[in-house]
Amino acid sequence: MDFWPAMQASHAVVKHDYVGLHLFLLLMVLVDLLEFCCVSVGIFVALPVTFAAITVAYKEIVGFDQSTVDAL
């Protein structure tokens with residue numbers, strides 16, 4: 001998919017909960033910053049948890065094709 005059609009498709013997927021998605025991403029950034037400020041080593045835990053949370057959110061919004069999951 002070219003750039004602009006991909007951007008339009010992404011917007012079409014999240015437009016029903018645009019604010020919620022951005023608040024979720026902002027919360028993840030704030031958690032990562034807090035972990036980094038408190039204990040620098042904590043970022044090694046916070047970043048993988050953030051990526052996992054974003055992956056779960058993506059699965060909830062878009063879903064995964066089962067054949068793709070089986071191929072992994």
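**Whole chain**

Keep in mind that the model is predicted. Read from the N terminus, the order of elements is α-α-α-α. The radius of gyration is 15 Å, well over the 11 Å that the globule rule gives for 72 residues, so the chain is more spread out than a compact globule. The trace spans about 40 × 30 × 20 Å.

**Surface**

The chain exposes about 5,900 Å². Carbon and sulfur atoms supply 72% of that area. Colour by burial next. Of the 72 residues, 11% are buried.

**Largest pocket**

Select Ser10, Val14, Leu21, Tyr58 and Ile61, the closest to the pocket centre among its 14 lining residues.

Then colour by helix. Helix 1 spans 3–14, helix 2 spans 18–38 and helix 3 spans 43–61. Each of these three supplies at least two residues of the lining. Which helix gives the most to the lining? Helix 2 does, with five residues.

Eleven of the lining residues are nonpolar and three are polar. No charged residue is part of the lining.

**Threonine 50**

Go to helix 3 and select threonine 50, which lies in that helix. Is threonine 50 buried or exposed? Threonine 50 has a relative accessible area of 7%. The cut-off for buried is under 20%, so threonine 50 counts as buried. Show its contacts, leaving out residues up to four places away in sequence. Threonine 50 then touches Met28 and Asp32. Both numbers fall within the 18–38 span of helix 2.

**Leucine 25**

Move to helix 2 and select leucine 25, which is found there. The relative accessible area of leucine 25 is 33%. That value lies between the 20% and 50% cut-offs, so leucine 25 is partly exposed.

Last, draw a distance from leucine 25 to alanine 53, C-alpha to C-alpha. How far apart are these two C-alpha atoms? They are separated by 9.6 Å. Along the chain, leucine 25 and alanine 53 are 28 residues apart.

Technical notes. Residues are numbered from 1 along each chain as its sequence is written. This is a predicted model: local features need pLDDT of at least 70, side-chain atom pairs count only at pLDDT 80 or more; totals for chains, interfaces and linings use all residues. Side-chain values use heavy atoms; hydrogens and water are left out. Helices (H or I, at least four residues) and strands (E, at least two) are DSSP runs, numbered from the N terminus. The radius of gyration is taken over C-alpha atoms; the globule rule is 2.2 Å times the number of residues to the power 0.38. Buried means under 20% relative accessible area, exposed over 50%, partly exposed in between (1.4 Å probe, protein chains only). Accessible areas come from the Shrake-Rupley method with a 1.4 Å probe; for residues, only the protein chains shown count as cover. On a 1 Å grid over the protein atoms alone, a cavity is a set of points where a 1.4 Å probe fits but cannot get out, and a pocket is an open set with protein on both sides within 12 Å along at least five of seven lines; lining residues have an atom within 4 Å of a point. Ala, Val, Leu, Ile, Met, Phe, Trp, Tyr, Cys and Pro count as nonpolar, Asp, Glu, Lys and Arg as charged, and the others, Gly among them, as polar. Contact means heavy atoms within 4.5 Å.
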